[in-house]
Amino acid sequence: MPAQAEGKTAAPALSAPQKALHRLGLVRDIDLALHLPLRYEDETRIVSLRGARDGQLAQIEGTVTNSEISFRPRRQLLVTLDDGTDTCTLRFFTFYPAHQKTLAVGARVRVRGELRGGFLGWTMVHPAFHAAGGELPDALTPVYPTSAQLPQAYLRKVVASGLRRADLGENLPPALLGGLNAVVRGTWTLRDALQFLHHPGADVSLDALEDRSHPAWQRLKAEELLAQQLSQFTARQERAALSAPALIAQPGGLHEQLLGVLPFALTTAQRRVGEEIARDLMRQIPMHRLLQGDVGSGKTVVAALAAAIAIDAGWQCALMAPTEILAEQHFAKLIGWLEPLLTPLGKRVAWLTGSQKKKQRGEMLALIASGEAALVVGTHAVIQDQVVFQNLALAIIDEQHRFGVAQRLALRSKMGSGMTEGEPHLLMMTATPIPRTLAMSYYADLDVSTIDELPPGRTPIVTKVVADSRRAEVVERIRSQVAQGRQVYWVCPLIEESEALDLSNATATHAELSQSLPGVLVGLLHSRMPVAEKKAVMSLFTGGEMGVLVSTTVIEVGVDVPNASLMVIEHAERFGLSQLHQLRGRVGRGAAASACVLLYTPPDSGRLGETARERLKAMAETNDGFEIARRDLEIRGPGEFLGARQSGAPLLRFADLATDTHLLEWARAAAPVMLAEHPQQAEKHIARWLGGRAEFLKA
Ligand code: ADP
Ligand code: MG
C-alpha cells in the first residue's frame with residue numbers, strides 16, 4: 001500500500017455539479033445556508049392573460065387546445081393554451097416525447113415564463129411547465145447566483161438542504177442580544193433571518209429585500225461584521241503575545257540630536273504622531289502602526305525620528321519604498337540628516353536596490369550583516385534572501401498599499417542573526433488616507449496615527465479642469481512659470497492596455513513641449529528607461545536646471561521637489577481619484593502659489609462619463625485628502641482601497657460600509673466583550689463566517 005494512502009480513506013470523487021459548487025465556495029452546509037438569492041420569482045399567484053402586461057414574468061394556468069410540430073422557420077413544438085380569458089402560444093425549439101405528453105390537447109398545465117404580446121397574440125418561448133394541480137407555494141421562489149454548470153433547480157435543492165442541516169445555533173450571548181436587536185430593529189435569530197431570506201412570504205416588500213434594509217438582512221450583516229471584528233481583535237491579541245525589543249528614547253539621544261539639525265520645526269501633528277510611535281517602540285510588543293498623512297504632510301521625518309530611536313538603542317532599522325526613485329529620495333534625505341550623526345558612532349546608512357552593481361551590493365550586504373549599517377534604505381531588494389540583518393528592530397514601509405501581504409511578512413521575519421526571538425516593530429506609511437469606516441473594519445487590527453496638518457507656509461493648490469482644446473493656453477502658463485524660475489510637471493495619460501502607447505504619448509508630448517518652449521530644458525521620464533538615465537533626469541529636475549519634466553506615472557509617489565509649482569495632468573479623466581490627488585501633491589510643497597491643471601479630452605461621442613466627471617469635480621472642489629478618500633470610497637467601493645492587503649482575503653459579502661455604519665459600530669463594541677467573556681462562542685462565530693479564511697486578515 002502506498003504510504004500516502006495509509007490510515008486515510010480515499011476522498012470520493014466529486015460529481016460535476018459538486019465541483020461547480022466548490023468553485024463557488026459552497027462546501028460546508030453553512031456556506032450553502034449563507035448563499036443568498038440574487039432575486040426572487042413569484043410563483044405564488046396565477047395571472048390571467050387578459051390582465052397581463054407585455055414582458056411580464058408570469059405564471060398562467062389553462063387547457064391545451066392545440067399541439068403541433070411546425071417546421072418553419074425551423075422545427076418547433078407549438079402549443080396553444082387557453083386560460084379562459086385569452087390564449088397564449090408556447091414555443092419549444094427542443095422537446096422530447098415526454099414534454100409532448102404533458103402538453104397534449106386537453107391537458108391542464110401550469111406554465112411560467114416571460115409573456116410577449118404581439119401580432120399573433122400572447123407567446124412564451126421555452127416556459128417552465130408542469131401538469132396543473134398542487135398547491136401554489138406560499139413563499140417567493142429564490143433565484144441564486146450560479147454558474148453555467150449548475151442548474152438553478154439543483155442549486156435550490158442543495159441550498160435548501162444545506163439550510164436545513166447547517167448549525168445555526170445562536171452564537172451571541174444573551175447580554176449582547178439586546179443591543180443587537182436595537183440596531184437591527186427587530187428580534188431575528190440567524191436561523192429565522194436565513195429561512196426568511198431564502199423563502200420570503202408572498203406579501204413581503206421586495207424593496208426592503210432588495211436594498212437590504214429589512215431586519216433579517218440587518219441581522220445577517222451585523223453577524224458578518226461581528227465575525228470580521230472578532231477575527232481582527234484575535235489577531236491583535238495574538239500579536240500582543242509576541243515579543244519585540246523595547247526601544248527607549250534617551251534624553252539627549254540621537255533623535256533629539258536629529259531634531260536639532262533639522263532645518264525646520266516639527267508641526268504639532270508630526271510631534272503628536274512621533275510620540276505615539278515612540279510610546280509603541282518602548283513596549284516589548286511589536287508595533288503594528290499605520291502612519292497616514294496627506295501627500296507633503298512630512299511623514300519622512302517622522303520615520304527618520306523613529307529610526308533614530310532604534311539606532312540609538314543599538315539596533316538596526318530598514319526602510320523599504322516601492323520604487324527606486326522614491327527609495328533614492330529617501331536615501332538622499334536620510335543620509336543628509338542622519339549620516340553626520342552616525343559617523344562619530346562608527347555607523348552608516350546602507351543602500352539596496354535591484355539595479356545595483358554586484359560589487360557594491362556585496363559591500364552593502366556585508367555592512368548589513370555586521371551591523372555597521374544602522375539604517376538600510378531600499379526597494380524590494382531589502383527583503384531578498386541574501387539580505388541578513390545583524391539585529392533588525394524596526395521595519396518601515398513607505399506607501400504600504402503598494403506592497404503585498406507576503407512582502408510585509410517577509411520584512412517582519414528578518415529579525416536577524418543577532419536576535420534570538422521576537423519580531424521587529426512595524427511602521428507602515430501611506431498618503432492615501434483610509435476613510436473612517438474602513439479603518440474601523442478592515443484595518444481594525446492596526447493602530448493608526450494621522451498627520452492632519454501640512455507644514456506651515458504652503459499655499460493651497462488651485463485646481464483647474466480644462467478641456468484639451470485649450471492646450472495652447474496651458475503651454476503659455478508653463479512658459480510664464482518657468483520664466484519666474486519655477487518648475488513644472490507634465491504627466492501623460494495612463495493607457496492601461498499598453499505600456500507602449502503610454503510611452504509614445506509621453507514622447508510626443510515631450511517633443512511638442514520642447515518645440516514650443518525654446519530655451520527651456522524639457523526632460524522625459526518613463527518606466528522603461530534604464531535606471532541610470534532616470535536618475536540623471538531626476539537629478540537635473542531636483543537640481544533646478546530642468547524647467548519641465550514630462551513623465552508617465554512613474555512620479556506618482558513621494559517625489560519631493562519644493563520648487564515645482566505647476567502640475568499638468570493630461571487625459572486626467574483616465575486616472576483614479578486617489579492617483580490624481582497623489583499626483584497633485586507633487587506641487588504646493590514650497591511657499592510659491594501652486595496650481596494643478598487637469599486636462600481632459602471628451603470622447604468623440606461628446607460628454608465625459610459620469611464617474612470621470614465626478615472625479616474631476618471632486619478634485620476641483622477639495623484639496624483635503626480625507627475628503628478625497630471618502631469620495632473615492634463612494635465612487636469605487638472598498639475593494640480597490642484595500643489593494644494587495646486583501647488579495648485572497650474575504651471582502652464583506654453582505655455588509656456595506658457606506659450604509660451599515662450603525663451595525664459596524666455595534667460589532668466593534670460587541671467584539672471585545674464577546675472575546676473576553678465568551679471566547680468559545682467567539683471562536684465558533686469566526687469559524688462560521690470566515691471558515692479557513694481568517695488567516696488572511698492577520699497580515
Ligand atoms: P510625505 O508625507 O508626502 O512623505 P515628505 O516627508 O516628503 O512628505 O515631506 C514633504 C516636504 O516637507 C519635504 O520637503 C520635507 O522636508 C518638508 N517638511 C516636512 N516637515 C516639515 C515641517 N515641519 N516644516 C517644514 N517643512 C517640512
Ligand atoms: Mg513620502
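Histidine 214 lies in the loop between helices α7 (206-210) and α8 (215-240), where helices (H or I, at least four residues) and strands (E, at least two) are DSSP runs numbered from the N terminus. Histidine 214 is buried, with a relative accessible area of 14%; buried means under 20% relative accessible area, exposed over 50%, and partly exposed in between, with a 1.4 Å probe and protein chains only. Leaving out residues up to four places away in sequence, histidine 214 touches Trp188, Phe196, Ala208 and Leu209, a contact being heavy atoms within 4.5 Å. A polar atom of the histidine 214 side chain also lies 3.0 Å from the backbone nitrogen of alanine 216. A polar contact is a pair of N or O atoms within 3.5 Å; within protein, one must be able to donate a hydrogen and the other to accept it, and residues adjacent in sequence count only if both atoms are side-chain atoms.

This is a predicted model, in which local features need pLDDT of at least 70 and side-chain atom pairs count only at pLDDT 80 or more, while totals for chains, interfaces and linings use all residues. Residues are numbered from 1 along each chain as its sequence is written, chains are lettered from A and ligands numbered from 1 in the order in which they are written, and side-chain values use heavy atoms, with hydrogens and water left out.

The charged end of arginine 212 sits over the ring of tryptophan 217, 4.2 Å from the ring centre. A charge sits over a ring if NZ of Lys or CZ of Arg is within 6 Å of the ring centre and within 35 degrees of the ring normal. Trp217 in turn forms one aromatic cluster with Phe654 and Trp689.

Aromatic pairs need a rule of their own. Rings of Phe, Tyr and Trp (its six-membered ring) pair if their centres lie within 6.5 Å; planes under 30 degrees apart count as stacked, over 60 as edge-to-face and the rest as tilted. By this rule the count comes to 6 aromatic pairs. In one of them, the rings of phenylalanine 92 and phenylalanine 129 have centres 5.4 Å apart and planes at 75 degrees, so the pair is edge-to-face. Phenylalanine 92 belongs to strand β4 (residues 87-92) and phenylalanine 129 to strand β7 (residues 128-131), so the pair ties together parts that are 37 residues apart in sequence. Both phenylalanine 92 and phenylalanine 129 are buried.

Another pair, tyrosine 489 with phenylalanine 541, is tilted, at 5.0 Å centre to centre with 55 degrees between the planes. Because tyrosine 489 lies in strand β17 (residues 487-491) and phenylalanine 541 in helix α18 (residues 531-542), this pair ties together parts that are 52 residues apart in sequence. Tyrosine 489 is buried, with a relative accessible area of 0%, and phenylalanine 541 is buried with a relative accessible area of 0%.

Strand β4 has two strand partners to follow. Strand β3 (residues 76-82) pairs with β4 in the antiparallel sense over 6 bridges; two strands pair if DSSP finds at least two bridges between them. Leucine 81 stands opposite cysteine 88 in β4. The hairpin of β3 and β4 has 4 residues between the strands, and glycine 84 there takes a positive phi near 95 degrees. With strand β6 (residues 122-125), β4 pairs in the parallel sense over 4 bridges, and cysteine 88 stands opposite tryptophan 122 in β6.

Strand β9 (residues 288-293) has 6 of its 6 residues buried, so it is largely enclosed by the rest of the structure. His288, Leu290 and Gln292 point one way from β9, and Arg289, Leu291 and Gly293 point the other way. β9 pairs in the parallel sense with strand β14 (residues 425-430) over 5 bridges, and leucine 291 has methionine 429 as its bridge partner in β14. Another 5 bridges join β9 to strand β15 (residues 447-451), again running parallel; there leucine 291 stands opposite serine 449.

Ligand 1 is surrounded by 17 residues, of which the closest are Gly296, Lys299, Thr300, Arg458 and Asp560; a residue is near a molecule or strand if one of its heavy atoms lies within 4 Å of it. A nitrogen atom of ligand 1 is 2.8 Å from an N or O atom in the side chain of glutamine 270. A polar side-chain atom of lysine 333 lies 3.3 Å from an oxygen atom of the ligand.
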